[in-house]
Amino acid sequence: MELTIALSIGVLFGSGIWLILRPRSFQVITGLLLLSYAVNLFIFITGRLSVNKPPLIVQGEVVDPSLYADPLPQALVLTAIVIGFATTALYLVVLLGSRGLTGTDHVDGKERDSEE
Amino acid sequence: MTLLLLLLPFAGCVIAACMPAYARNREAWFAAFIALCGLLLTLSLYPEVSSGIVIKHELAWLPMFDLNLVLRMDGLAWLFSVLIQGICLLVVLYARYYMSPKDPVPRFFAFLLAFMGAMQGVVISGNLIQLVMFWELTSLTSFLLIGYWHHRADARRGARMAFTVTSIGGLCLLAGVLLLGYIAGSYDLDAVLASADIIRAHKAYLPALVLIALGALTKSAQFPFHFWLPHAMAAPTPVSAYLHSATMVKAGIFLLMRLWPVLAGTPEWTWIIGTAGVCTMLIGAYLAIFQHDLKGLLAYSTISHLGLITCLLGIGTPLAMVAAIFHTLNHAIFKASLFMAVGIIDHESGTRDMRKLSGLSRLMPYTATLAIVASAAMAGVPLLNGFLSKEMFFAEALQVGPSSNWWMSAAAVLMGVFGVAYSMRFISVFFGAKATELPKQPHEPPRWMRFPVELLVLCCLIVGVAPQLSIGVPLQTAAASVLGERLPDYNLAIWHGINAPLVMSILAFALGILLFKVLKYRFNLLQSAHIPMLYRFNGKQAYESSMLILASSAARLERLFSSRRLQSQLLLLVLAGLFASALMLQAMPDFNPVWSVEHFNLPFALLWLIGCTCAVCAAWQAKYHRLAALMLVGGTGIVTSLTFLWLSAPDLALTQLMVETVTTVLLLLGLRWLPSRISARKMNLVASSRDKLRRSRDLVIAIIAGSVMFVISYFVLLHPANFTISNFFLDNAVPGGGGTNVVNVLLVDFRNFDTLGEITVLSIVALTVYALLRRFRPAPESIGIPAQQANQVDPASRQTPAQQANSGYLLIPGIYLRLLLPVIGISAAYFFMRGHNLPGGGFIAGLVFAVGMIIQYMLAGTVWIESRLKLNPHRWIAVGIGLACFTGLGSLAFGYPFLTTHTAHLTLPVLGELHLPSAFIFDLGVFAVVVGTTMLILVALAHQSVRSHRVPGAPVDNNATTSREIR
């Protein structure tokens with residue numbers, strides 16, 4: 001399970017990096033989405049993997065931390081997901097505006113001499 | 001009392017700055033009043049100080065870091081305070097007449113008072129860090145004062161140069177002081193002074209000494225940093241009189257005296273400080289002879305005298321210390337009077353050029369007499385104060401080294417010779433034929449403009465004639481505060497009998513007069529524009545070229561590493577990240593990857609097989625098949641969401657699922673405005689080898705980055721869990737937060753300040769998106785209906801959105817979803833209500849509700865929805881932030897800190913016991929903000945398809961589509 005999730009984070013991150021190095025703005029936004037999955041998962045796994053241990057306290061019992069998943073990375077990732085949506089929206093609007101103003105969807109606002 | 005002394009000038013500065021520009025008299029009287037109060041306050045402390053008491057006033061600020069505001073007044077600080085306040089008073093009086101009515105005087109007096117406060121802060125600081133802070137403040141205020149006439153290029157340049165040099169020195173000083181505090185274990189001055197022996201024996205002594213010396217030497221314009229001072233002469237003369245006689249440049253001297261008990265007494269000290277002092281006094285005195293500007297001459301003479309004091313400090317004997325303090329005092333008195341006299345000459349005759357001025361003693365006899373007496377004091381003529389301290393200097397110079405070592409004595413005499421020569425040069429403007437071609441006809445200045453000069457010259461005389469009577473006790477107190485028990489016996493008297501120093505003085509006078517005559521008659525000194533021997537030696541040139549090198553190398557670096565192209569910037573960023581993680585991997589202790597298969601879970605692996613395939617395919621397809629790529633990314637998102645669910649994070653799973661939905665809709669709305677792209681294969685394009693190379697490079701980087709991320713993640717997972725602060729949250733969620741869902745309690749209770757910040761960011765982003773879209777100009781070719789929508793068979797594709805809405809377009813699914821809206825609303829309410837104890841909460845409920853609304857928009861169309869339902873997302877955002885802040889402020893009313901939460905339990909008739917924490921209201925705010933932002937962003941984007949867009953250059957067609965904006 002550890003190996004699977006670590007490999008997957010690697011694959012998502014690599015695909016994201018490939019995409020943000022591309023010249024088209026849509027490729028970059030896709031890359032950012034993939035990167036945010038990878039990074040969110042990474043932050044999440046710093047609390048280690050735990051199955052069937054949601055951080056919902058059973059009331060009236062003495063709290064044994066080993067019975068619950070680490071809540072801190074979860075709270076951090078939750079806000080990160082929502083903020084990620086907001087920044088994606090902002091980037092999308094900027095890229096649409098740039099496309100409208102410059103007539104191209106190249107990230108630099110102008111086509112390069114050699115078209116990729 | 002000392003605190004008042006410190007606060008008074010700054011308060012005065014603020015008031016002076018607010019006075020009207022024309023109120024020249026009021027300003028001057030006010031500033032003089034402040035300085036007088038300061039002076040009287042200082043004088044009132046004299047009985048205490050003279051009895052050897054160190055007055056200390058401490059205000060706790062950060063006691064655990066040993067950072068407190070400590071005001072400490074001892075003999076040395078007292079003497080400097082009298083100089084600072086007293087000369088400021090005279091300068092203010094003088095400036096009243098000197099400044100022209102056209103100058104903006106409020107600025108002048110405000111800066112002057114601020115500068116005085118900063119200087120006062122330096123001398124009475126009892127904490128080293130605090131001292132450096134005031135030190136930097138003097139640099140800043142002196143920058144403002146030197147650049148007071150900022151319309152003049154030379155004033156700007158001079159101010160900048162002074163500021164650059166002194167503030168670089170200030171940085172060095174800060175580093176040095178930190179080292180010193182580190183060695184001594186405290187930044188308190190008394191503690192540092194007490195651990196002098198430890199400091200001198202410590203291995204960090206030399207770096208600390210060098211850094212502190214750099215600070216002091218730059219401030220006091222010592223060689224090789226002396227070049228800034230002559231350029232600072234572009235300041236108004238009252239400023240020069242104040243800064244370069246008693247204050248600014250004396251701050252360096254003061255620092256050396258203050259730290260003398262700690263740092264002096266080692267060969268390193270003598271070499272660094274002594275050498276700088278000797279070089280400075282000789283070079284300054286030599287260059288002073290060849291100046292043509294009266295102020296320039298005084299500037300170099302100041303440099304030379306400061307060198308003399310530094311040299312005395314460098315010699316390091318207790319008697320030299322007494323001489324240094326004495327000369328500091330004497331120099332302040334005669335140099336201030338000389339600057340003011342030069343200002344009078346400049347003011348009344350319109351020029352300071354010694355080549356034009358001559359015979360002034362007949363035009364302004366009174367001023368001339370004063371200036372001649374003051375310059376005699378500068379040259380060290382007997383019966384004047386300069387003579388006494390110079391004699392002491394000669395006596396100390398004789399003591400340096402063994403008797404065969406005569407170089408110090410020779411240097412001292414040489415300095416004396418040059419001093420006499422430039423003093424002769426200075427007074428030569430008063431003699432000779434009456435100057436004829438002057439810009440103004442010189443005459444005596446107003447009575448009160450001359451008064452400060454008279455007073456100061458009188459001081460020169462009194463100290464010169466009756467030294468023990470006039471200055472003996474304060475001088476002894478000051479010296480005792482530095483030297484303590486090492487205070488030597490000395491005798492301030494005019495006549496010590498015929499001894500070596502007197503012979504040296506006579507020699508200096510004879511040779512000085514001879515030198516001046518030779519230079520004047522043989523080398524045409526009075527008109528020559530050429531400085532023999534040292535003309536190549538130009539500190540200003542070195543400064544300018546180093547500034548130039550700095551700027552050009554910055555430009556070169558920018559050319560090398562900066563790019564306007566995003567791709568190169570991102571590439572550099574990724575490479576830097578890889579480099580950093582390479583360093584991190586290297587630092588990891590013995591990493592032995594264990595390929596454990598015991599936890600292998602086939603369904604989970606298959607799930608991620610799908611997830612990874614989706615990601616890779618999205619990366620592959622994002623260029624030509626955007627819709628496909630979007631769906632594939634969504635697939636990865638769903639897999640991520642399922643993973644969260646699998647790995648015990650139900651809140652995350654729900655949030656991720658909802659955000660995934662919203663993001664997909666968002667991007668779908670955006671796709672319409674992107675240009676169509678036909679694949680290269682269809683266009684029969686062949687990628688150039690350069691492109692192929694670039695792609696291969698990026699692929700390699702991407703694979704490396706992915707592998708690094710894999711290694712780090714795996715490494716993290718192989719290590720046992722490390723609950724640092726998480727246990728606290730788990731333990732306290734129920735007793736402290738009143739909720740069993742720890743993640744939600746974290747968000748709305750423990751870390752609710754973060755959440756408040758986050759919803760604020762969300763709101764700002766949403767409003768920014770809205771504002772950007774109001775000015776949205778799409779490309780002309782994407783204004784029409786996209787090719788994918790133009791379907792010949794479907795009549796709806798030829799209709800406007802308004803027509804579609806009225807003709808039953810997609811009517812049946814629309815009705816179904818309308819029926820579904822209450823269900824979705826109830827689900828949102830359910831998720832919201834249970835959030836504190838079970839998965840849910842404001843974020844999730846907000847997203848669920850927003851998704852419900854968006855589905856309505858998608859099927860019924862913007863026009864139909866908005867003619868029936870006013871959503872006003874702006875108001876949702878405002879209400880949400882308002883609720884969150886209101887809840888936070890509510891706790892203040894009960895005397896708790898901002899955002900403290902409270903849990904109440906109500907029992908209602910039907911619902912039973914209701915769990916009602918105040919975090920609930922906060923969460924309601926979060927809910928409202930999430931709904932508002934999501935709706936605002938998506939609806940603003942959706943509106944772009946229904947509003948009319950103007951093609952640049954095309955006539956406005958009002959009937960094309962309905963133009964609507966959401967309000």
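In chain B, strand 1 (residues 55-62) and strand 2 pair in the antiparallel sense over seven bridges, where two strands count as paired if DSSP finds at least two bridges between them, and where strands (E, at least two residues) and helices (H or I, at least four) are DSSP runs numbered from the N terminus. The model is predicted, so local features need pLDDT of at least 70 and side-chain atom pairs count only at pLDDT 80 or more, whereas totals for chains, interfaces and linings use all residues. Residues are numbered from 1 along each chain as its sequence is written, chains are lettered from A and ligands numbered from 1 in the order in which they are written, and side-chain values use heavy atoms, with hydrogens and water left out.

Within this strand pair, B:Glu58 stands opposite B:Val70, and B:Leu59 stands opposite B:Leu69. Four residues lie between the strands of the hairpin, in which B:Asp66 takes a positive phi near 60°. Strand 2 (residues 67-73) of chain B is mostly covered, with six of its seven residues buried; here buried means under 20% relative accessible area, exposed means over 50%, and partly exposed lies in between (1.4 Å probe, protein chains only).

Side chains of opposite charge can pair when their charged atoms come close.

| B:Asp188 | B:Lys56 | 3.2 Å |

The salt bridge between B:Asp188 and B:Lys56 links distant parts of the chain, 132 residues apart, with B:Asp188 in the loop between helix 7 and helix 8 (189-194) of chain B and B:Lys56 in strand 1 of chain B. B:Asp188 counts as buried because its relative accessibility is 13%, whereas B:Lys56 is partly exposed, with a relative accessible area of 36%. B:Arg72 is buried at 5% relative accessibility, and B:Asp190 is partly exposed at 25%.

B:Asp197 and B:Arg200 both lie in helix 9 (residues 196-201) of chain B, three residues apart, which is about one turn of the helix. At 59% relative accessibility B:Asp197 counts as exposed, while B:Arg200, at 26%, counts as partly exposed. Salt bridges that share partners join B:Lys56, B:Arg72, B:Asp74, B:Asp188, B:Asp190 and B:Arg258 into one network.

Helix 7 (residues 153-184) of chain B has 32 residues, which at 1.5 Å a residue should span 46 Å, and its end C-alpha atoms are 45 Å apart, in agreement with that value; the expected span is 1.5 Å times one less than the number of residues. This helix is followed by B:Gly185, whose phi is positive, near 80°.

Two further residues can be described by their surroundings. B:Pro230 is found in helix 11 (residues 228-231) of chain B and counts as buried because its relative accessibility is 17%. Leaving aside residues up to four places away in sequence, B:Pro230 touches B:Ala299, B:Tyr300 and B:Ile303, a contact being heavy atoms within 4.5 Å. The C-alpha atoms of B:Pro230 and B:Arg352, which are 122 residues apart along the chain, are separated by 14 Å. B:Thr862, placed in helix 37 (residues 862-866) of chain B, is buried at 12% relative accessibility and touches B:Tyr857 and B:His943, with residues up to four places away in sequence again not counted.

On the surface, B:Leu507, B:Leu511, B:Leu514, B:Val518 and B:Phe523 form a nonpolar patch with about 460 Å² of accessible area together. Patches are made of residues with over 30% relative accessible area and no salt bridge, like charges being joined within 9 Å and nonpolar side chains (Val, Leu, Ile, Met, Phe, Trp, Tyr) within 5 Å; accessible areas come from the Shrake-Rupley method with a 1.4 Å probe, and for residues only the protein chains shown count as cover.

How values were computed:
A salt bridge is a side-chain nitrogen of Lys or Arg within 4 Å of a carboxyl oxygen of Asp or Glu.
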